[in-house]
Amino acid sequence: MNDLDAQDLAILEILQRNSATPQRTIGEMVNLSAAAVQRRISRMEKHGVIQGNVAILNPASVGQPITVLVEVQIVNERLDLLDAMKASFASAPEVQQCYYVTGETDFVLVVTVGSMQEYEELTKRLFFENHNIKHFKSLVVMDRVKASMGLTLPSDPGEYRR
């Protein structure tokens, strides 16, 4: 979608800070009616600019105090095996984020669990039982300094088309 204008970008900036902001309030902030804001948001959702609306939770407050970053190396990148690996990671509720990356590591996962025992069980299920896993490395998070999916948006709508 290459037709985002300054008001669309302003709406996105507001929604990234708080997706629960009422459309009437957004409209006042960007000089549009609530109905116009709704139409723009619907259009951006339809075109995949807005992929979802979520609440960022404190993992410890819901019994998931341990976050682990996991680097995964695979044996074979044959397309069917790669797709199966992606599906396996995507379907695991403990995996918060999964990235297929370049370099010596093939995947980087962000995993959240309630205990190290839960993590050990997850490693058995996802890694040790999968014959296409060559190696995995766990990095236990000591402190969550920032948790955001917010993007830096251009101030000029023409900038994002480059």
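**View 1. Strand 1 and strand 3, side by side.** Two strands count as a pair if DSSP finds at least two bridges between them. In this predicted model, strand 1 and strand 3 are joined by seven bridges and pair in the antiparallel sense. Look for Ile 66, which sits opposite Val 113 of strand 3. Another pair to spot is Val 70, whose bridge partner in strand 3 is Leu 109. Six of the seven residues of strand 3 are buried, so the rest of the structure largely encloses this strand.

**View 2. The hairpin of strand 2 and strand 3.** Here strand 2 (residues 95-100) meets strand 3 through five bridges, and the two run antiparallel. Val 95 stands opposite Val 111 in strand 3. Between the two strands of this hairpin there are six residues. In the turn you will find Gly 103, with a positive phi of about 105 degrees.

**View 3. Inside the largest nonpolar core.** This core holds 20 residues, and those touching the most other members are Val 70, Val 72, Phe 89, Leu 109, Tyr 119 and Phe 127. Two or more residues each come from strand 1 (66-74), helix 4 (79-91), strand 3 (107-113), helix 5 (116-128) and strand 4 (133-140). Strand 1 gives the largest share, with five residues. Zoom in on Phe 89: leaving out neighbours within four places in sequence, its contacts include Val 72, Val 95, Cys 98, Phe 107 and Leu 109. Leu 126, Phe 127 and Ile 133 are also among the contacts of Phe 89. There is a second, separate core too, with 12 residues, including Leu 9, Leu 15, Val 30 and Met 44.

**View 4. The buried side of helix 5.** In helix 5, the buried residues include Tyr 119, Leu 122, Thr 123, Leu 126 and Phe 127. Among the elements covering the buried residues of this helix are strand 1, helix 4, strand 2, strand 3 and strand 4.

**View 5. Helix 2 against helix 3.** These two helices pack at an angle of about 100 degrees, and their axes are 8 Å apart. Helix 2 and helix 3 are therefore roughly perpendicular to each other. On the helix 2 side, the contact is made by Gln 23, Arg 24, Ile 26, Gly 27 and Val 30.

**View 6. Thr 21 in its loop.** Thr 21 is found between helix 1 (6-17) and helix 2 (23-30). Is this residue buried or exposed? Its relative accessible area is 15%, so Thr 21 counts as buried, the cut-off being under 20%. The side chain of Thr 21 reaches the backbone oxygen of Asn 18 at 2.7 Å. Not counting residues up to four places away in sequence, Thr 21 touches Ile 14 and Ile 26.

**View 7. Lys 46 on the outside.** Lys 46 belongs to helix 3 (residues 34-46). With 70% relative accessibility, Lys 46 counts as exposed. From Lys 46 to Val 95 is 49 residues in sequence and 26 Å in space, C-alpha to C-alpha.

Key: Residues are numbered from 1 along each chain as its sequence is written. This is a predicted model: local features need pLDDT of at least 70, side-chain atom pairs count only at pLDDT 80 or more; totals for chains, interfaces and linings use all residues. Side-chain values use heavy atoms; hydrogens and water are left out. A nonpolar core is a set of buried Ala, Val, Leu, Ile, Met, Phe, Trp, Tyr and Cys residues joined through side-chain atoms within 4.5 Å. Buried means under 20% relative accessible area, exposed over 50%, partly exposed in between (1.4 Å probe, protein chains only). Helices (H or I, at least four residues) and strands (E, at least two) are DSSP runs, numbered from the N terminus. Contact means heavy atoms within 4.5 Å. A polar contact is a pair of N or O atoms within 3.5 Å; within protein, one must be able to donate a hydrogen and the other to accept it, and residues adjacent in sequence count only if both atoms are side-chain atoms. Axes are lines fitted to C-alpha atoms, for helices over the stretch in contact, and angles run from 0 to 180 degrees between N-to-C directions. Angles under 35 degrees count as roughly parallel, over 145 as roughly antiparallel, 65 to 115 as roughly perpendicular and the rest as oblique.
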